[in-house]
Amino acid sequence: RMFHDDELEESEKFYVGQPRVLLLIYALYNTLVARSEMVCYFVIILNHMISASMITLVLPILIFLWAMLSVPRPSKRFWMTAIVYTEVAIVIKYFFQFGFFPWNKHVDYTKDKPYHPPNIIGIEKKEGYVHYDLVQLLALFFHRSILKCHGLWDEDEKGDSSSNKEDTDDELSLTGGRRDSSASLKSVNLAASVESIHVHFPEQQTAIRRKSSSSISQLSHRSSFSSHRSKREQILDTFKNINHTTLSLYFLQCKLCVIKSHCGLCCFRTLQVYVPIRQFFYNLIHPDYSAVTDVYVLMFLADTVDFIIIVFGFWAFGKHSAAADITSSLSEDQVPEAFLVMVLIQFGTMVVDRALYLKKTVMGKVIFQVILVFGIHFWMFFILPGVTERKFSQNTVAQLWYFVKCVYFGLSAYQIRCGYPTRVLGNFLTKSYNYVNLFLFQGFRLVPFLTELRAVMDWVWTDTTLSLSSWICVEDIYAHIFILKCWRESEKRYPQPRGQKKKKVVKYGMGGMIIVLLICIVWFPLLFMSLIKSVAGITNKPLDVSITITLGGYQPIFTMSAQQNQLKSLDPNEFTEFLRSYRGNTAALQFLEGYAREDITRADLEGNSNSLWTISPPSRKKMIQGLLDFDADFTLVISWTIQSCCTQARAHQVIKVIWWLLSARTLEEVYPYYIKAPSDSLAKPIKQLLKDCKWENITVSLVKNTSEEWWVLNQLGKRQKTPQESLELFIFSDKVSPPSLGFLAGYGIMGLYASVVLVIGKFVREFFSGISHSIMFEELPNVDRILKLCTDIFLVRETGELELEEDLYAKLIFLYRSPETMIKWTREK
């Protein structure tokens, strides 16, 4: 061993021998120390998510537009700014907690108002107002201590002092060292003062640009430093030829003019702020070195997560009256405005981000980052609370969306700081050839319009000589060859010896699964409709039962409804007695097998009509004449309405009767004693439960009281013997599907066969038929040469060799047009 120390070995043995819990704590602490910078970012963002005020808004914006864009790490000035700002915020919040301020006298009334000025600023009185600020300050001091331990806290000052020293030496060389001491002192002071106000705009050098990863890897820091020193020496030689006295007087005159002029002083203050910011972003866009990276996939995943949050929680971005379920709103052909706006904005930012990624423009990415950071924060913390009528800190879905968007901002800043890669084309799922990439890539291609949209966007924002159809042709060939390459690699990993039959595990595993899947698809509607009501069905108890009886189309003579206490379920004894009464009746027992005790409801209807009989005298006389005509039939219409929580069933029955007196009479076989209330809108009488399939008899009588008349009905042969006049009705309610499966159960058996089975069967038939026509392109033993040809097309396109791109594309097309050449190209090596 090159280095040996007994104490270090003993220390290592001591730590290895510690309990696993303690080792886990050590590991977590070391992770915290190594990522203390990210801990500070997380605490600052968390504080802003919970407080959501203008005081806490400043630091998150500085994180995404300053700290995360600094190379190689945030400067000491940023951390000091964050520490001092947090301390000032704590003092301000503490000062405004006193009760003598007017807005602190009605805290309970104004605490939930999003546009209350103290709530917006962050100086409202509340419990635990400073807890998260103290945690934030603790995290900042913890990171400061870590930097000091590693000697990185004063690194910026040392770098600044050394650079200032070099500039001072250069300025001394400009003024010349042969003059007297006083003159030299004046020139030095003048140069130092001029240095503070003189604007050094960076030169627009074409040599300092983002270079490719290959050229960067060959460039050393020594060569770059020497080139900069040579340029500095050339500039110094040029300045030495200028009259030093004239230059010094000119600088002094400029300084005096600036100080005397108030407008010049304002310009000077503005330049002091503008120039460093401009220089910061210029150095960011034109760095000396560029460690290129590619985090577009992670940014796309963050945007996708935000998209999913919008779809499933869109109600959090609109009014409180918005529907809580997007499927219910879309089923009613209603598109919520909040959902539409958020989806379009999210999708638009994803398209713009893809365009910047393809164009590899860092300047555009910086501008987009600045606009997006300010726009998102302004919308989330100033516009959204007014739209939702609640504070951002009370909107959990919006907080989750903002946190994921902060992850996207961090990834974007990292992409800007490192620079875009030279080659950005190609799907990230095609980087390796295994089953995971294969199935993920095929799933990516199954998403509707995603493959087409990606291909068209790549063609629009990429320099190429190919037409859109040729571009899509190359993409399709590459996708097909990639799938074949994955299958060939799997065959190499799991080879099948020649002359051996397939194992039963493979046959029953793959073939058995396909058989079960096809059988399930064929019989899915029958199985689904059978199980959805018997297993997952919900009891659909009636809430209102109404009966209406009409004679010959005249004014109804009887109307009555049963609700609440008048609707009773059968107890176990009554249900057992009910089943015993149909012992020996096969048809009735077969019908009753589909119903449980809770599905049967007995409705007790009052015999006296709840409405007076208000027929006009001419109609009354005409109706009596019709009843006295024994040769003509007179119709009796009985209508019933059963309303439940999920369905509403209506039906009526027309019965021809002969009635010759308006007095108490018995109507035979007119009353439907048992009603079936299915899940559809038609309630039907149950003839299987009636004796000899005959309906029940009822008595009808007209009661007169001075000038008022009403009808009274009484059922004969009731199960519940009651002395007063009443009607009894048994309702058998079918179970209904759960609301979550209603979109499938609503189609019915035939609808499911037409919409699901036939569509799936079409795709399955395409997989099993037409294979013989694609043998030439499917059965390729070795696709490495074709895959390399496709990647060569991508490579020459990125390097700008567009003529070579045309030649390689023509070679690829000729290869697919020539079967003999394809056979030669796909032979095993």
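**Start with confidence.** You are looking at a predicted model, so colour the chain by pLDDT before anything else. The mean for the chain is 77, and 77% of its residues reach 70 or more. Now select residues 158-229, where the pLDDT is below 50; in the model this stretch has 59 contacts beyond near neighbours in sequence. Residues 659-663 also stay under 50, with 16 contacts beyond four places in sequence.

**Select 396-418.** This is helix H19, with 23 residues. From its first C-alpha to its last it reaches 34 Å, close to the 33 Å expected at 1.5 Å a residue. Is H19 mostly covered or exposed? Mostly covered, as 17 of its 23 residues are buried. Step on to glycine 419, which follows H19 and has a positive phi near 95°.

Alanine 52 has a phi near 55°, a positive value in a residue other than glycine. For context, most residues other than glycine have a negative phi, and most peptide bonds are trans. Alanine 52 counts as buried at 15% relative accessibility, and serine 53 does too, at 5%. Which residues does serine 53 touch, leaving out those up to four places away in sequence? They are His48, Asn119, Ile120, Ile121 and Gly122.

The peptide bond from valine 71 to proline 72 is cis, with omega near 0°. Proline 72 sits in the loop between H4 and helix H5 (76-95).

Lysine 360 has a positive phi of about 55° although it is not a glycine. You will find lysine 360 in the loop between helix H17 (337-359) and helix H18 (362-388). Its side chain forms a salt bridge with glutamate 798, the closest N and O atoms being 2.7 Å apart. Because glutamate 798 lies in helix H31 (residues 784-798) and lysine 360 in the H17-H18 loop, the pair ties together parts that are 438 residues apart in sequence. Glutamate 798 is buried at 16% relative accessible area, while lysine 360 is partly exposed at 29%.

The side chains of glutamate 574 and arginine 602 meet in a salt bridge at 3.5 Å, N to O. Glutamate 574 is partly exposed at 25%, whereas arginine 602 is buried at 7%.

**Finish at the surface.** Select Ile515, Ile519, Val522, Trp523 and Leu526, a nonpolar patch with about 490 Å² of accessible area together. Helix H23 (residues 504-522) supplies the largest share, three residues. Leucine 526 belongs to helix H24 (residues 524-534) and is partly exposed, at 39% relative accessible area.

Definitions and conventions. Residues numbered from 1 in each chain as written. Predicted model: local features only at pLDDT ≥ 70, side-chain atom pairs only at ≥ 80, totals over all residues. Heavy atoms only, no water. Helix = DSSP H or I, 4+ residues; strand = E, 2+ residues; numbered from the N terminus. Expected span 1.5 Å × (residues − 1). Buried < 20%, exposed > 50% of the residue type's maximum accessible area, 1.4 Å probe, protein only. Contact = heavy atoms within 4.5 Å. Patch = residues over 30% accessible without salt bridge, like charges linked within 9 Å, V, L, I, M, F, W, Y side chains within 5 Å. Areas by Shrake-Rupley, 256 points an atom, 1.4 Å probe, with all protein chains shown as cover. Salt bridge = Lys/Arg side-chain N within 4 Å of Asp/Glu carboxyl O. pLDDT = per-residue confidence, 0-100.
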